[in-house]
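Work through these exercises with the structure in view. Try each task before you read its solution.

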Amino acid sequence: MIATTALKSAAGFTRPLPSAIVVLGYGTAFYCLSLVLRSLPVSITYAIWSGLGIVLVTLAGALVYKQIPDLAAWIGMGLIIAGVLVINLYSRTVVHP
């Protein structure tokens, strides 16, 4: 989320500090993703990764860049959260310890 939020500030990788945050952030994120894939299926992992990423980046965009979502966006994010919850709570594909 931090790397994606910094991507706008990187201005096409023309600004060094935000660009470094993007590169380091994505490297760290994908490393952590690879660790999660040791215990969860890729389909479930990516559904959670992308769903929560959309919501968190939207919230960060609202706070950092004042890009306030409209009602339709809030409804859509609510549906995304509901989908992630359904996957985690009810899917037989997710292995719960």
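**Exercise 1. Find the aromatic cluster and describe its pairs.**

Step 1. Tyr26, Phe30 and Trp49 form one aromatic cluster. The model is predicted: local features need pLDDT of at least 70, side-chain atom pairs count only at pLDDT 80 or more, and totals for chains, interfaces and linings use all residues. Residues are numbered from 1 along each chain as its sequence is written, and side-chain values use heavy atoms, without hydrogens and water.

Step 2. Count the pairs. A search of the whole structure finds two aromatic pairs. Rings of Phe, Tyr and Trp (its six-membered ring) pair if their centres lie within 6.5 Å; planes under 30 degrees apart count as stacked, over 60 as edge-to-face and the rest as tilted.

Step 3. Take tyrosine 26 and phenylalanine 30. Their ring centres are 6.4 Å apart and their planes stand at 35 degrees, so this pair is tilted. Both residues lie in helix 2, four residues apart, about one turn of the helix. Helices here are DSSP runs (H or I, at least four residues), numbered from the N terminus.

Step 4. Take phenylalanine 30 and tryptophan 49. The centres are 5.6 Å apart with planes at 35 degrees, so the pair is tilted. Phenylalanine 30 lies in helix 2 and tryptophan 49 in helix 3, so the pair ties together parts that are 19 residues apart in sequence.

**Exercise 2. Is lysine 66 buried or exposed?**

Step 1. Locate lysine 66: the loop between helix 3 (42-65) and helix 4 (71-90).

Step 2. Apply the cut-offs: buried means under 20% relative accessible area, exposed over 50%, partly exposed in between (1.4 Å probe, protein chains only). Lysine 66 has 62%, so it is exposed.

Note on methods. Helices (H or I, at least four residues) and strands (E, at least two) are DSSP runs, numbered from the N terminus.
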